[in-house]
Amino acid sequence: MLALMRLVIFGLILLTAVYLGVSWYSRRSRRRKMEADWEATGRPGDRDAYIGEGMAQYEASLRRRLIWLVYIVPVSVIAVIIFMTNFR
Amino acid sequence: MVYVKWVFWGIFWTVVIGFLHYTLPQHDIVRITDTYEKRVNPGSNALFWSNADTGEDPTATERDVFFIQTFRTNEKPMIYRNEDTGWGWPPYFKFNTSNLQAQASDLMSKKSAETAQWVAIRHYGWRNEFFSIYPNAVRVWAVDGPEVRIIPWFNIVVLALLAALAWAVRVRWRRFWRGRSEGSRDEWSEGKL
C-alpha cells in the first residue's frame, strides 16, 4: 500500500500547488479588473474602498468556489478510470 | 546555431510523441491462441515492466508474469504481457490482471478453428524483440470479425485537451514576454494622472 500512499501524498501536494496558483491568479485578475472599473466609472469615491467591496463580492462568488474543481475533477477521473478498467 | 535549434526541437518532439505513443491506449484485433505465465527477471529493460505494488512485495527480483499469445489480422504474432499497473504510472489503475487472464483464456481460438473468435485487445506499450519488452494488455472483449474498426475516442479527447493546454500556455508565455519588451503601460506612463 506504499504505492497508494505515494500517489495520495504527491497528488495532494501537486493539486494544492495548482489550487494556490489558480486562486492567486484569479484573485489578482479580479483585483486588476476592479482597478480598471474604478477608472472607467469615473473614479467614484475612495479607490481602496471600491476595490475592497469588489473583492468582498469575489470572496463570496461562485467563481471562487469553482476553483475547488482542481481537487474534485482529478479524483473523480481516477475513480472513473478505476471503475472502467477493473469492474466493467 | 540553427542546427542546435533543429536538434533540440527534433529531440523534444521525438520524446513527446514517443511518450504519448507508449502511454496512450491502442486497440488491436487479434485471435488469442494461448495464455501462459513465465518467470521474468527484468534487467536493463525494467523500465518497460510495471511490477506494481498491489499487495505483493515489489522488491522481489524474480517473479511470474502472465502473457497472452495472439495472432493479429495480418497473421503475424503479437505477445502481450498482463501485469497490474496499480497506483503507479501509467495511470490505468489496473488491478484485475488475474480476471483479465481468465477472460483471455476463455476467448482462445486456434487457426484450425471452424469459425475464428476475433477479439479486441486494449493495450499500451511496445513490443520489441531486441529488448524483450511487451505491450501490457488492459482489456479484452469479443468482436464480430477481423474488420471491426474501433474509434479511439479516449485518445482524441486526451490529445485535444493536451493541445488546448499547450496552446493556452504558449499564448500566455508570449503575452508575458511581449508585455515585458514593450515596457510597462499603466496610468503613469499613459499620462492619465
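In chain B, strand S1 (residues 26-40) and strand S2 (residues 63-72) run antiparallel and are joined by 10 bridges. The model is predicted. S2(B) also pairs with strand S3 (residues 77-82) of chain B. Chain A brings nine residues to its contact with chain B, and chain B brings 12 residues.

**Strands of chain B**

- Phe71(B) has Pro77(B) of S3(B) opposite it.
- Four residues separate S2(B) from S3(B) in a hairpin, and in its turn Glu75(B) has a positive phi of about 65°.

**Contact between the chains**

- The contact involves nine residues of chain A and 12 residues of chain B.
- On the side of chain A that touches chain B, helix H1 (2-40) and helix H4 (69-86) of chain A each supply at least two residues.
- H4(A) gives the largest share of that side, five residues.
- By residue class, the side of chain A that touches chain B has seven nonpolar residues, two polar and no charged.

**Helix H1 of chain A**

- H1(A) has 39 residues, which at 1.5 Å a residue should span 57 Å; the end C-alpha atoms are 56 Å apart, in agreement with that span.
- The number of buried residues among the 39 of H1(A) is zero, so the helix lies largely in the open.
- After H1(A) comes Gly42(A), with a positive phi near 85°.

Notes. Residues are numbered from 1 along each chain as its sequence is written. Chains are lettered from A and ligands numbered from 1 in the order in which they are written. This is a predicted model: local features need pLDDT of at least 70, side-chain atom pairs count only at pLDDT 80 or more; totals for chains, interfaces and linings use all residues. Two residues are in contact if their C-beta atoms, placed from the backbone, lie within 7 Å. Ala, Val, Leu, Ile, Met, Phe, Trp, Tyr, Cys and Pro count as nonpolar, Asp, Glu, Lys and Arg as charged, and the others, Gly among them, as polar. Two strands pair if DSSP finds at least two bridges between them. The expected span of a helix is 1.5 Å times one less than its number of residues. A residue is buried if 20 or more other C-beta atoms lie within 10 Å of its own, exposed if 12 or fewer, and partly exposed in between; C-beta atoms are placed from the backbone.
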